[in-house]
Amino acid sequence: MRFGALVVVLFGVCSWAGAASVPMPAVPPPPGIAAKSYVLMDADTDRIIAEENGDEPLHPASLTKIMTGFIAAAELAGGRISLTDEVLVSVEAWRTPGSRMFIQEGTRVSVADLLRGIIIQSGNDSSVALAEHIAGSEGAFADMMNRQADELGLTATQFRNSTGLPADDHYTSARDLAILTREYIRRFPENYAIYAERSFEYNDIEQPNRNRLLWRDRTVDGVKTGHTDAAGYCLVASAKRDGMRLISVVMGAADGNTRVRETQKLLTYGFRYYETKRLYEPDVPLKNARIWYGETESVDIGVREPVVVTIPRGHYDNLEVALQLPDLIEAPLSAGAEIGSLELTLGDDALYAAPLVAMQAVEESGVFARAADFVQLLFKRLFE
């Protein structure tokens with residue numbers, strides 16, 4: 001293609017008048033959080049709304065089991081295991097110390113029950129049993145966990161077991177846990193729904209979900225608690241209100257009440273002062289542009305993926321959109337071909353950037369039509 005210089009089209013999302021008249025209200029800083037590390041993320045846009053020491057590697061305790069559940073969900077989705085599989089409980093699984101589902105050595109337990117034992121009861125015994133079923137041994141399962149961490153881009157994570165029991169070189173960060181939880185919710189929503197269940201009974205023993213926020217906040221639907229002496233008290237939580245989903249990670253709190261209180265503070269802050277806006281859809285044209293030397297005279301231009309942003313509440317009218325397009329678009333053009341770019345800004349903050357693409361293919365026209373376009377372009381340039 002022969003492209004000329006780029007032209008930039010700027011406009012407010014609502015109107016120029018709105019962008020000019022609405023002041024930029026200040027967003028208060030995040031509340032102080034009594035924990036070693038924390039992160040608050042918008043699950044739809046990946047924007048970090050608040051954080052402190054978010055990349056610091058820390059002992060995760062039973063937050064490890066989020067990855068254990070993720071691996072199990074991936075194996076289920078891939079058809080490599082089934083919820084009805086009967087897992088033979090080994091001596092190693094039965095003897096695993098700490099929180100328990102109370103499975104018995106030599107018995108068989110379904111994958112469905114083991115998952116609830118892991119997610120709801122935080123069972124170390126069920127984590128080891130399921131790890132052995134999937135990978136043959138807990139060590140091999142830990143290798144699977146680390147490969148998955150690499151694939152997800154978790155840069156401060158290394159696992160040595162499926163439970164979160166203390167081990168050398170077993171660590172992760174608040175940011176990595178937020179990313180892992182986001183991917184869990186996106187990829188395996190049916191499996192993730194287990195995290196909202198408030199109790200589970202196995203072997204005539206009923207245990208409540210250890211995430212007390214499920215009772216305190218009806219918008220919370222997960223995720224996981226954790227505690228060891230090395231890790232302190234930890235909590236990953238997710239809540240959805242008015243179409244906005246937030247993920248909160250609190251690590252290293254002093255006690256169970258503190259981790260719940262500080263998580264509530266983070267979620268309240270995020271929902272009160274921020275909002276998620278879905279602006280454009282991939283099947284809706286943003287612009288119809290002139291195309292030269294083609295069988296048609298115009299082409300619809302749009303985006304490949306939905307455009308979603310996180311912005312401070314009250315700032316929607318201040319959003320500015322830049323469509324950067326060439327001054328000359330020429331055929332042939334394939335559907336999905338990148339033509340220009342879309343940029344969203346709020347004040348000095350660059351919120352979003354993505355390619356603009358052709359929504360239809362345009363074939364090159366015949367020789368006489370191309371000649372007519374050439375003459376038209378020649379006169380256009382002479383009189384510009």
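Colleague: How should I describe F70 and F188, as buried or exposed?

Modeller: F70 is buried, and F188 is buried as well, where buried means under 20% relative accessible area, exposed means over 50%, and partly exposed lies in between (1.4 Å probe, protein chains only). Please keep in mind that this is a predicted model, in which local features need pLDDT of at least 70 and side-chain atom pairs count only at pLDDT 80 or more, while totals for chains, interfaces and linings use all residues. Residues are numbered from 1 along each chain as its sequence is written, and side-chain values use heavy atoms, with hydrogens and water left out.

Colleague: How many aromatic pairs does a search of the whole structure find, and how is such a pair read?

Modeller: A pair of aromatic rings is described by the distance of the centres and the angle of the planes. The search of the whole structure finds eight aromatic pairs, counting rings of Phe, Tyr and Trp (its six-membered ring) with centres within 6.5 Å, and calling planes under 30 degrees apart stacked, over 60 edge-to-face and the rest tilted. One of them is formed by F70 and F188, an edge-to-face pair with 5.2 Å from centre to centre and 75° between the planes. Because F70 lies in helix α2 (residues 64–77) and F188 in the loop between α7 (174–187) and α8 (189–192), this pair ties together parts that are 118 residues apart in sequence. F70 and F188 also belong to one aromatic cluster, together with Y184, Y192 and Y195. The helices (H or I, at least four residues) and strands (E, at least two) are DSSP runs, numbered from the N terminus.

Colleague: Which way do the residues of β14 point?

Modeller: In a regular strand the side chains alternate between the two faces of the sheet. In β14, V307, V309 and I311 point one way, whereas V308, T310 and P312 point the other way, and all are buried. Strand β14 (residues 307–312) is thus mostly covered, with six of its six residues buried. Its neighbour β11 (residues 274–280) runs antiparallel to β14 and is joined to it by six bridges, and one example is T276, whose bridge partner in β14 is T310. Two strands pair if DSSP finds at least two bridges between them.

Colleague: Which strands are joined to β9 by bridges?

Modeller: Strand β8 (residues 220–228) runs antiparallel to β9, and eight bridges join the two, while strand β10 (residues 244–253) is also antiparallel to β9 and joined to it by eight bridges. A hairpin through three residues connects β8 to β9, and across these strands H227 has Y233 as its bridge partner. On the β10 side, R241 has M244 as its bridge partner. Seven of the 10 residues of β9 (residues 232–241) are buried, so this strand is largely enclosed by the rest of the structure.

Colleague: Where does the backbone depart from what most residues do?

Modeller: Most residues other than glycine have a negative phi, and most peptide bonds are trans. Here S122, which is not a glycine, has a positive phi of about 55°; S122 lies in the loop between α4 (111–119) and α5 (124–135) and is buried, with a relative accessible area of 2%. D242, also not a glycine, has a positive phi of about 50°, but D242 is exposed, with a relative accessible area of 82%, and its place is in the loop between β9 and β10. The peptide bond from G222 to V223 is cis, with omega near 25°, and V223 is in strand β8. The bond from A331 to P332 is cis too, with omega near 5°, and P332 is found in the loop between β15 (319–326) and β16 (338–346).
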